[in-house]
Amino acid sequence: DTEEAEKLAEKAKVIFKERAKYLRKLIAIEEATYGLKIDLAVRNCELRAKEEDPYANSEELEAARQDERHLQDQVKEKTDLTAMLVSKLQDNEEQGKEVQKAMKRRVSDQQ
């Protein structure tokens, strides 16, 4: 009985540590994503200004377009990572609920 309780407690601890790790990663990715979105908005403004400039250098214009595409790709990559982490957090939440149920059953069985 004590051994089972220790296993459940250890499992709960591991689940909690994983959740904390996922949340830290999620916060870091979200911060990076917002930074990239701000950079992208600035690049978009710069690109539109260059496109409207009749004297704009075509090489500079193409470089600005490539920069914009690169930032868009980075934003998409971060968004995909966010979705993956949210999924992992949901799985982790389910694992936590299962351990809680097992602990409650154990307590009610002892009474």
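This is a predicted model: local features need pLDDT of at least 70, side-chain atom pairs count only at pLDDT 80 or more; totals for chains, interfaces and linings use all residues.
**Stop 1: the core.** Select Tyr22, Leu26, Ile29, Leu85 and Leu89. These five residues form the largest nonpolar core. Two elements, α1 and α2 (58-110), each give two or more residues to this core. Helix α1 provides the largest share, with three residues. In general, nonpolar side chains tend to be buried together in soluble globular proteins.

**Stop 2: tyrosine 22.** Setting aside residues up to four places away in sequence, tyrosine 22 touches Leu85, Lys88, Leu89 and Asn92.

**Stop 3: asparagine 92.** Follow the contact from tyrosine 22 to Asn92. Asparagine 92 sits in helix α2. Is asparagine 92 buried or exposed? Asparagine 92 counts as buried because its relative accessible area is 1%, under the 20% cut-off. Now display its partners. Beyond its neighbours within four places in sequence, asparagine 92 contacts Ile15, Glu18, Arg19 and Tyr22.

**Stop 4: threonine 33.** Go to helix α1, which spans residues 2-52 and includes threonine 33. Its relative accessible area is 4%, so threonine 33 is buried. Which backbone oxygen lies 2.8 Å from a polar atom of the threonine 33 side chain? Select isoleucine 29: the oxygen belongs to its backbone.

Conventions:
Residues are numbered from 1 along each chain as its sequence is written. Side-chain values use heavy atoms; hydrogens and water are left out. Helices (H or I, at least four residues) and strands (E, at least two) are DSSP runs, numbered from the N terminus. Buried means under 20% relative accessible area, exposed over 50%, partly exposed in between (1.4 Å probe, protein chains only). A polar contact is a pair of N or O atoms within 3.5 Å; within protein, one must be able to donate a hydrogen and the other to accept it, and residues adjacent in sequence count only if both atoms are side-chain atoms. A nonpolar core is a set of buried Ala, Val, Leu, Ile, Met, Phe, Trp, Tyr and Cys residues joined through side-chain atoms within 4.5 Å. Contact means heavy atoms within 4.5 Å.
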